[in-house]
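Below is a short briefing on one residue and the sheet around it. Look at the sequence and the model, then read the points by topic.

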Amino acid sequence: MTEKQKAKLEAEIKRTYEMFSYEREYADYEYICGIDEVGRGPLAGPVVTCAVILPKDCDILYLNDSKKVSEKKRELLYDEIMEKAVAVSIGEASWERIDEINILQATYEAMRTAVNNLSVKPDILLNDAVTIPLVDIKQVPIIKGDAKSASIAAASIVAKVTRDRMMVEFDDKYPGYGFAKHKGYGTAQHIQALKELGPCEIHRRSFIKNFI
């Protein structure tokens with residue numbers, strides 16, 4: 001290992017240690033659960049949430065907000081999180097549900113599903129910025145939590161990989177929109193396809209009014 005690589009690794013170990021600061025702060029709680037969502041902004045597809053309980057002696061490097069991690073790195077981290085986590089659970093709300101009760105309520109619903117379906121009941125929830133209604137577990141909302149808490153970052157990565165894989169499958173089912181590339185977000189290509197082809201089944205009707 002070169003000196004440069006060594007310095008880089010040491011810096012990452014230090015950064016990762018900082019990512020566990022909230023987990024250390026709440027170390028009296030046995031099962032600390034990180035929660036995050038992916039897909040609130042897209043014009044199509046579900047919103048996906050994830051709840052992750054990491055072990056106390058967790059040593060996963062490179063955990064970060066999923067948007068700051070490359071796709072290749074996210075896939076590797078996904079496998080490592082799934083292997084090392086005490087429990088992982090996914091929640092999702094469909095495009096129909098988003099149209100029915102709005103994106104915020106649909107996200108809360110999907111978060112409750114993720115928490116309720118964990119194989120281990122958490123003692124405390126570390127949430128990315130929100131407080132989830134109708135949950136009887138202590139919650140700590142952390143602004144930009146996916147970049148500050150390892151547990152939330154892990155949830156962010158698992159949710160992102162899960163949703164991205166779904167959108168790649170939808171690309172096969174509904175060709176022409178470019179779902180595999182933009183994952184349902186409102187890129188110029190996506191909006192152009194929407195105008196030319198009209199909406200498909202997975203488009204959120206409440207999100208696309210301005211484009212069709």
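Threonine 49 sits in strand β2; strands (E, at least two residues) and helices (H or I, at least four) are DSSP runs, numbered from the N terminus. The model is predicted: local features need pLDDT of at least 70, side-chain atom pairs count only at pLDDT 80 or more, and totals for chains, interfaces and linings use all residues. Residues are numbered from 1 along each chain as its sequence is written, and side-chain values use heavy atoms, with hydrogens and water left out.

**Threonine 49**
- Threonine 49 is buried, with a relative accessible area of 0% (buried means under 20%, exposed over 50%, partly exposed in between, with a 1.4 Å probe and protein chains only).
- Its side chain reaches the backbone oxygen of alanine 110 at 2.7 Å.
- Leaving aside neighbours within four places in sequence, the contacts of threonine 49 include Asp36, Ser89, Ala110 and Ala159 (contact means heavy atoms within 4.5 Å).

**The sheet**
- Five strands form an open sheet in the order β3-β2-β1-β4-β5, with mixed pairing (two strands pair if DSSP finds at least two bridges between them).
- β3 (87–93) and β5 (138–142) are the edge strands, each pairing on one side only.
- Strands β1 (residues 32–38) and β2 (residues 47–53) pair in the antiparallel sense over six bridges.
- Isoleucine 35 has alanine 51 in β2 as its bridge partner.

**The helix on the sheet**
- Helix α6 (residues 150–173) packs on the sheet and touches β1, β2, β3, β4 (124–128) and β5.
- The direction of α6 makes about 40° with that of β1 (axes are lines fitted to C-alpha atoms, for helices over the stretch in contact, and angles run from 0 to 180 degrees between N-to-C directions).

Conventions. A polar contact is a pair of N or O atoms within 3.5 Å; within protein, one must be able to donate a hydrogen and the other to accept it, and residues adjacent in sequence count only if both atoms are side-chain atoms.
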